[in-house]
Amino acid sequence: MRVSLFITCYNDTLFPETGKAVVRVLERLGHTVEFPAGQTCCGQMHWNTGYQAEALPLVARFVEQFKGAEAVVVPSSSCVAMIRDHYPKMAASLKDEKLIAEVEALVPRVFEFSEFLTKRLELEDVGAYYPHRVTYHASCHGLRNLGLGDGPQRLLKAVRGIDLVEIEGLEQCCGFGGTFAVKNAEVSSAMLAEKTTAVLNTGAEACTACDNSCLMHIQGGLHRQRTGVKTVHLAEILAGEEGAR
Amino acid sequence: MSGAVLDPTTSPAFPMAAKAAMGDTQLRKNVRHATEVIQAKRARVVDEMPDWQQLREAGKQIRQHTMENLDFYLEEFERNCTRSGGVVHWARDAAEARQIVTALVKASGSDEVIKIKSMTTEEIHLNDALEAAGIRAYETDLAELIIQLGRDQPSHIVVPALHKNRQQIREIFQREMNLPELGEKPEDLADAARRFLREKFLRVKTGVSGANFLIAETGGVCIVESEGNGRMCLTLPETLITIAGIDKVLPRYQDLEVVLQLLPRSATGERMNPYNSIWTGVRAGDGPQTFHVVLMDNARTEILADEEGRQTLNCIRCGACQNACPVYRQTGGHAYGSVYAGPIGAILTPQLQEMHHAQSLPYASSLCGACYEVCPVKINIPEVLIHLRNKVVKQNGLNAESLAMKTMGMIFRSEARFRAAQRLGRMAEAPLVRKDGQGEGWIGWLPGILGGWTQVRDLQAMPKETFREWWESRGKNGN
């Protein structure tokens, strides 16, 4: 399949390893990956913080970049939630009939990475090897907006060598919430403390998720506490191969 | 917090109030314990309903239909209530509602009232107005009684004293009821409250109640509760004055079938409320002989006029969103500066009090969606929060944040500008980056508002190469 990668602005800038891992997994599965160079940001930060005027033009930009795609894969559950939940309404509010039709046609072809593997390709075993003790954090947008269910865990369970341990309070928000972490730093910190404690209680070497925004937050807390526990995007685990590292 | 009136017009912004609340470890322990117990009970009784999702949808449809035809159903309620001997009053705002109720109590010839289900009266600070008019109000809901005797404020719409534990309640009762020998078992406390209240029930001739639902078809009023104290207030006094927001109306008697399943399971994890009272007008020799209903707007028609905010009025006040909210669980209810706390408070309060009074509440959420997931009438609270944030942004105009956001917006509209910004970011962060023991670059301090991040979190330095740079070099090298 011809797969278009929407890397998202923060993965592009801060977490390129996640993007490389997505490419590795998809190519290993025999797909062709394309990267439309004009892509930037889905507009989630602006939209969720109340800057609708700034977010609106990004819808047309996204459509322009991806409209011919067979499938768009995104290694970020919150960005996919933004596209799926808000783009149709945003296009409608712009009263642009052509855009409305294009969004309607494109949105069903946009997949979060794990969702693409489990629901579109109907895979669980992607031939990965990752000999580490790992716990999985269910990001809110993946859990509630996208309904990923246990898809990510099924992918992880099929990884060879992995020791998957369940975290307490799996469905609890980590407290990131974009600008929430800054605007309500105290509450966000308290929520993070619960999450990092839960991660540490598992005894895992690494915490994984389908969204680097949650992981950046959790990793920030784990690093500040000098715990030595890492965070790693699900794609990077699935990209692991025997003998590769 | 005790004694402070929860008034959104004077309360500190949420982050400040939250910080204060979070310093109270006992309160946080109590809130956490209570919300966990209620959530577990709720999950259990919801799971046993195979048609829960259909019920939620039915609840949503009923409430949505009501709001779309609110004028019609309110008039129908007024007609039917009047026909059966009730007197309907209309209050445009809190001041008018206070004035009407105070005048009605005075006309009843009593300088005391017993009260039940009074969150709406908390919304308009009725007790203060009654006191100013020389009228003594006695709360009879057990939790409200605890709040009143403790000179405290409610912190939850269903369990107003959720932030107090048993020991604290015992201390309040001992002090205020003058009971030095009071035991500490739940039944001891219940018994003390029962004795304290019984005397009021039998003596006070005027009752003031809220309402869970108004039924347009019959002109009836419905209250559900767990203790039976409400039923005493509804049946023993000579005069009963009910005050309800205009959003409380349901079209048909039959609609109770849906909401009376949704409400108790969502609220306290009960299959059914122990006491379900529905009364219609007056009847000679049975119950109150004078019955008034005050239908209060207090900004609800403005909410109704806002297409995106409208669903807020669908709320049936179960409080499930509060129990599920990770923010509420950390702060408790007082931080929201309003009788309506938690996610529903974060959307209802700013709309009730006009946006300029509650700027911070729409941001008091990580948008995790747990509130939407449990809402029995499917109010998309995150969606309304975002809508209100947009209103705040528009209202605020230009400031440091909006300038930064506008700049970012401009950057994202051009690939060239985005690339330039990525390069610039790497340069700008360089002075802040420190190497850790593993030789990785981390930022432990950020300036200004971003400092909120580095209070408890480090930030990994930007990688040497962006993904798109790697992708391009990969294309060139063919690897």
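Visitor: What makes strand β3 (residues 71-74) of chain A a partner of β4(A)?

Guide: Three bridges join β3(A) to β4(A), and the two run parallel. Pairing takes at least two bridges. Three bridges meet that cut-off, so the strands pair. This is a predicted model.

Visitor: Which residue is the bridge partner of V72(A) in β4(A)?

Guide: That partner is V110(A).

Visitor: In what order do the four strands of the chain A sheet stand?

Guide: The order is β2-β1-β3-β4, in an open sheet with parallel pairing. The edge strands are β2 (32-34) and β4 (110-112) of chain A, since each pairs on one side only. From one strand to the next, the twist averages 35°.

Visitor: Which strands of chain A does helix α2 (residues 16-28) lie across?

Guide: Helix α2(A) lies across β1 (2-5), β2 and β3 of chain A. Its direction is at about 175° to β1(A).

Visitor: Why are β8 (249-250) and β9 (275-279) of chain B said to stand at the edges?

Guide: The chain B sheet is open, with the order β8-β5-β6-β9 and mixed pairing. β8(B) and β9(B) each have a single partner strand, so one side of each is left without a neighbour in the sheet. Strand β6 (residues 220-225) of chain B pairs with β9(B) in the antiparallel sense, over five bridges. Within β9(B), I278(B) is the bridge partner of C222(B).

Visitor: Why does R329(B) count as buried?

Guide: Buried means under 20% relative accessible area. R329(B) has 5% relative accessibility, so R329(B) counts as buried. R329(B) is in helix α15 (residues 326-331) of chain B. Its contacts include Q172(A), E194(A) and N323(B).

Notes: Residues are numbered from 1 along each chain as its sequence is written. Chains are lettered from A and ligands numbered from 1 in the order in which they are written. This is a predicted model: local features need pLDDT of at least 70, side-chain atom pairs count only at pLDDT 80 or more; totals for chains, interfaces and linings use all residues. Side-chain values use heavy atoms; hydrogens and water are left out. Buried means under 20% relative accessible area, exposed over 50%, partly exposed in between (1.4 Å probe, protein chains only). Contact means heavy atoms within 4.5 Å. Axes are lines fitted to C-alpha atoms, for helices over the stretch in contact, and angles run from 0 to 180 degrees between N-to-C directions. Lists of a residue's contacts leave out its neighbours within four places in sequence.
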